[in-house]
Amino acid sequence: MKKGSLILRLLAAALVACLIISAFAACGSAKTLMSVTKDGKTYTISTDEFSLLMKIKKLDICCSMLVTRSRDTASYWATTTDDGETYEEYYKNLILEQTKSILVEKYLFDVNGLSISSDKLAGYKSNIKTQNTYYGGKGAYKQYFGYTAADYYNIYMMMVARSEAVVDFLFGENGSQKLTAEDLETYYKENYVGYQFIMLDMENKVKLDEEGNRIIAKEEDSEGNEVDSDSYETEALTDEEKETKQTLVQAILDELAEGASFEDMIAKYSDAYYSVEFPEGMFVLKDGTFLSTTITEKIKDLEIGEYTEEAIESNKCQYIVKRVELKDKVYEDEKYLELFEEYEDTVKYDKYENYIETFFDDITVDEAVAAEYTVADTYLSKYADLYYQQWWSSYLSSSS
């Protein structure tokens, strides 16, 4: 599975709200971490650039994993993953891969004669002043994040801007990597899997209208208009109804064993909006999570046509899941369009990542210099604590 080496794919979401020149003015003490020579010209990543990237990416990683500064310890980063790597090894390698992509993008930006608009550069310059004012001055900003606002915009955001420019160029109307129908089809067949499922909510029942149809719950859109949601209206089961529903799981499995259609069972029994509204199946990434991690683990070995012999319990619900064949070009099916809104971007960045990686063998990395940096020893911004506090507050509000 790809680790997502592109800088565009792991922009620090926590800092997006927070570069004027494209070349980095290295300090006297800076060393060269990695380099590549193409078309008679050498492109480099300095230790100053890498140090900044480590701080930004560590914050990004810690916010995504809800790691506060109090949890940012050597023992935490020594935690071993399921693949036998420590967090330190996994994330350090991930950042190094991203750094290689940044280096390649320097070359591609230069060789294709690309540029950053004056409006964007002016915006960066203005943002530096705004951020310094917001945090109480240059020194306060650096104390908070571990780097200056000028570093963030003049170095990191320029990396992002170059990446955006290269992607737009390569995938433009006449770009060498422009997506084709074959790209979309190949990615779909190689990376997606289809499932039908029946879900029984063991605490609630779906409300029905006078004709016996499930009632779709309403919600407000961004303009305050009432629209259909992606769930059904429910009401709590009585104790007697709960006892009766406990026997329904086996009854469904018995009907399936006797040859009943899975789609018919969905229509008759399922409490889940997506299983009923998309009875032909849900089509999802093989490497993703389907419904929950518990369910994903239980269904990973299903062959096409097979369904779970026992119901899977997850979040007070019971699930029976069947693997089905991929629906042909479902990403172009009008009914499924809302579920595949980002599909072309997914395929585009996968193709782009593969293209960028073709340059990696030409890159020289100074391993001794790289070894001087660890995720554990990299400064973690105070924002990690603020992000956790905001997340926890939101979680408590949604749970009440």
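Mentor: A helix is a DSSP run of H or I with at least four residues, and a strand is a run of E with at least two, both numbered from the N terminus. This is a predicted model, in which local features need pLDDT of at least 70 and side-chain atom pairs count only at pLDDT 80 or more, while totals for chains, interfaces and linings use all residues. Residues are numbered from 1 along each chain as its sequence is written, and side-chain values use heavy atoms, with hydrogens and water left out.

Trainee: How many helices and strands does the chain have by that rule?

Mentor: The chain has 15 helices and 11 strands, and its C-alpha atoms fill a box of roughly 75 × 45 × 45 Å along the principal axes.

Trainee: Where does Phe359 lie, and why is it called buried?

Mentor: Phe359 sits in the loop between α13 (343-357) and β11 (364-365). A residue is buried under 20% relative accessible area, exposed over 50% and partly exposed in between, with a 1.4 Å probe and protein chains only; the relative accessible area of Phe359 is 12%, so Phe359 counts as buried. From C-alpha to C-alpha, Phe359 is 8.9 Å from Lys100, although the two are 259 residues apart in sequence. In the chain of 400 residues, buried residues make up 43%.

Trainee: What makes the span of helix α1 agree with its number of residues?

Mentor: The expected span is 1.5 Å times one less than the number of residues. Helix α1 (residues 47-64) has 18 residues and should therefore span 26 Å, and its end C-alpha atoms are 25 Å apart, which agrees. Of those 18 residues, 14 are buried, so α1 is largely enclosed by the rest of the structure. Just after α1, Leu66 takes a positive phi of about 55°.

Trainee: Which residues of helix α5 are buried, and how do you know where they fall around its axis?

Mentor: In α5 (residues 138-145), the buried residues include Tyr141, Tyr144 and Phe145. Seen down the axis, the buried residues fall within an arc of 80°, so they line one face of the helix; the arc is that of the directions from the helix axis to the C-beta atoms. An α-helix has 3.6 residues a turn, so residues three or four places apart point the same way.

Trainee: What makes β3 and strand β10 count as a pair?

Mentor: Two strands pair if DSSP finds at least two bridges between them, and β3 (residues 192-201) is joined to β10 (residues 317-324) by 8 bridges in the antiparallel sense. Gln196 has Lys322 in β10 as its bridge partner. Strand β8 (residues 282-285) also runs antiparallel to β3, with 4 bridges, and there Tyr192 stands opposite Leu285. Of the 10 residues of β3, 10 are buried.

Trainee: Why is the contact of Lys31 with Glu372 called a salt bridge?

Mentor: A salt bridge is a side-chain nitrogen of Lys or Arg within 4 Å of a carboxyl oxygen of Asp or Glu, and the closest N and O atoms of Lys31 and Glu372 are 3.0 Å apart. Lys31 lies in the segment before β1 (32-38) and Glu372 in the loop between α14 (367-370) and α15, so the pair ties together parts that are 341 residues apart in sequence. Lys31, at 39% relative accessible area, is partly exposed, and Glu372 is partly exposed at 47%. By this rule the count comes to 22 salt bridges.

Trainee: Are Lys245 and Asp271 buried or exposed?

Mentor: Both Lys245 and Asp271 are buried, and their side chains meet in a salt bridge at 2.7 Å, N to O. Lys245 lies in helix α8 and Asp271 in the loop between α10 (262-269) and α11 (273-277), so the pair ties together parts that are 26 residues apart in sequence.

Trainee: Which residues form the nonpolar patch on the surface?

Mentor: Trp391, Trp392, Tyr395 and Leu396 form it, with about 400 Å² of accessible area together, by the Shrake-Rupley method with a 1.4 Å probe and, for residues, only the protein chains shown as cover. Patches are made of residues with over 30% relative accessible area and no salt bridge, nonpolar side chains (Val, Leu, Ile, Met, Phe, Trp, Tyr) being joined within 5 Å and like charges within 9 Å. Leu396, in helix α15 (residues 383-399), has 44% relative accessibility and therefore counts as partly exposed.
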